[in-house]
Amino acid sequence: MNADVRWMREALAEAEQAFAEGEVPVGAVVVLDQRVVGRGKNRTVKSAQPFEHAEVVALWDAVANVGAHALEQAVLYSTIEPCVMCVGAVLLARIPRVVFGAREPRTGACESVLAIPNEPRLPHRVAVLGGVEEDACRDLMQRFFEARR
């Protein structure tokens, strides 16, 4: 199993926990030096805060664990393509690489709706890889919304 699949499965475990808690099942992990230094899952319902996306929660956790400057060597794994807010947080944290599972055709800001990491006017570049464990990530999201109908 390659490293991207390994870490995406960690993010999927976070997404499964979000699902069990009634949250939209998105999970994320921040990996540095081949270890998870930040974990997050959506918690917008529980917190009543629209900003508590899995990616932002994982970045906050990583900063608390290793400090902000260490993230310049980290990778963010997210089960769903990050939105504008989350890509903004990635840029501010100077994360050099984002790996996501399923594309988000309505709000994806890495390549689906917008391609913010490729914006040449921004001072920081982010390498993006989408589609890692895509079927599992998409299936979890579909199961969640089918159960809510």
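Colleague: Which span should the 18 residues of helix α1 have at 1.5 Å a residue, and how far apart are its end C-alpha atoms?

Modeller: The expected span of a helix is 1.5 Å times one less than its number of residues. For α1 (residues 3-20) that should be 26 Å, and the end C-alpha atoms are 26 Å apart, which agrees. Helices here are DSSP runs of H or I with at least four residues, strands are runs of E with at least two, and both are numbered from the N terminus. Do keep in mind that this is a predicted model, where local features need pLDDT of at least 70 and side-chain atom pairs count only at pLDDT 80 or more, while totals for chains, interfaces and linings use all residues. Residues are numbered from 1 along each chain as its sequence is written, and side-chain values use heavy atoms, leaving out hydrogens and water.

Colleague: Thanks! Which residues of α1 are buried?

Modeller: Buried means under 20% relative accessible area, exposed means over 50%, and partly exposed lies in between (1.4 Å probe, protein chains only). In α1 the buried residues are Asp4, Val5, Trp7, Met8, Ala11, Leu12, Glu14, Ala15 and Ala18. Seen down the helix axis, they fall within an arc of 165°, so they line one face of α1; the arc is that of the directions from the axis to the C-beta atoms.

Colleague: What do the buried residues of α1 pack against?

Modeller: Contact means heavy atoms within 4.5 Å. The partners include β1 (27-32), β2 (35-41), β3 (75-80) and α5 (134-148).

Colleague: Now to charges: how many salt bridges does the count come to?

Modeller: A salt bridge is a side-chain nitrogen of Lys or Arg within 4 Å of a carboxyl oxygen of Asp or Glu. The count comes to 14. One of these joins Glu72 and Arg94, at 3.8 Å from N to O. That pair links distant parts of the chain, 22 residues apart: Glu72 sits in the loop between α3 (54-66) and β3, Arg94 in the loop between α4 (84-93) and β4. Glu72 is partly exposed at 34% relative accessible area, and Arg94 is partly exposed at 37%.

Colleague: And where is the pair Asp135 and Arg138, and what separates these residues?

Modeller: Both are in helix α5, and because they are three residues apart, about one helical turn separates them.
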